Amino acid sequence: MRILITGGAGFIGSHLCDYLLEQGHEVIAMDNLITGSLRNIAHLRDHPRFSFVNHDVTQPIHVEGSLDAIFHLASLPSPVDYLEMPIKTLKVGALGTYYALGLAKAKGARFLLAGQFG
């Protein structure tokens, strides 16, 4: 399967990347790195079935080629972040989900939403 993980450079997203690659899938991690980190996925940089896209999901999401599934994990991960960036938190939860669902519909992909939304 070819799978997109939004929030793929976050703690949970990066571990999901590891797991799905171990299962033989192709993985695209998407993250804007506000709270995620390239350190979390650095060990995957040269993996042949892994790619990283630096993108903010509050903007329309485009991925070339087919997608079988989208794991939408993009979220600001803590109450401290919610308080420091309340509008960004709301946008990720609302617009990010809207754009990720639109991509899933366009690609005929399965969709899983998981995140902390305050």
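Student: Which residues of helix 1 are buried?

Tutor: Keep in mind that this is a predicted model. An α-helix has 3.6 residues a turn, so residues three or four places apart point the same way. In helix 1, the buried residues are Gly13, Ser14, Leu16, Cys17, Asp18, Leu20 and Leu21.

Student: What do the buried residues of helix 1 pack against?

Tutor: They pack against four strands: strand 1 (2-6), strand 2 (26-31), strand 3 (50-54) and strand 4 (69-72). Helix 1 itself covers residues 11-22 and spans 17 Å from its first C-alpha to its last, close to the expected 16 Å. Gly24, with a positive phi near 95°, follows the helix.

Student: How many salt bridges are there?

Tutor: Side chains of opposite charge can pair when their charged atoms come close. Here the count is 3. One of them joins Arg2 and Glu26, with the closest N and O atoms 3.1 Å apart. Arg2 lies in strand 1 and Glu26 in strand 2, so this pair ties together parts that are 24 residues apart in sequence.

Student: Is Arg2 buried or exposed?

Tutor: Arg2 is buried, at 17% relative accessible area, whereas Glu26 is partly exposed, at 32%.

Student: Which residue forms a salt bridge with Lys88?

Tutor: Asp56 does, and the closest N and O atoms are 2.4 Å apart. Because Lys88 lies in helix 3 and Asp56 in the loop between strand 3 and strand 4, the pair ties together parts 32 residues apart in sequence. Lys88 counts as buried, at 18% relative accessibility.

Student: What about Asp46?

Tutor: Asp46 forms a salt bridge with Arg45, the closest N and O atoms being 3.6 Å apart. Both residues, Asp46 and Arg45, are exposed.

Key
Residues are numbered from 1 along each chain as its sequence is written. This is a predicted model: local features need pLDDT of at least 70, side-chain atom pairs count only at pLDDT 80 or more; totals for chains, interfaces and linings use all residues. Side-chain values use heavy atoms; hydrogens and water are left out. Helices (H or I, at least four residues) and strands (E, at least two) are DSSP runs, numbered from the N terminus. The expected span of a helix is 1.5 Å times one less than its number of residues. Buried means under 20% relative accessible area, exposed over 50%, partly exposed in between (1.4 Å probe, protein chains only). Contact means heavy atoms within 4.5 Å. A salt bridge is a side-chain nitrogen of Lys or Arg within 4 Å of a carboxyl oxygen of Asp or Glu.
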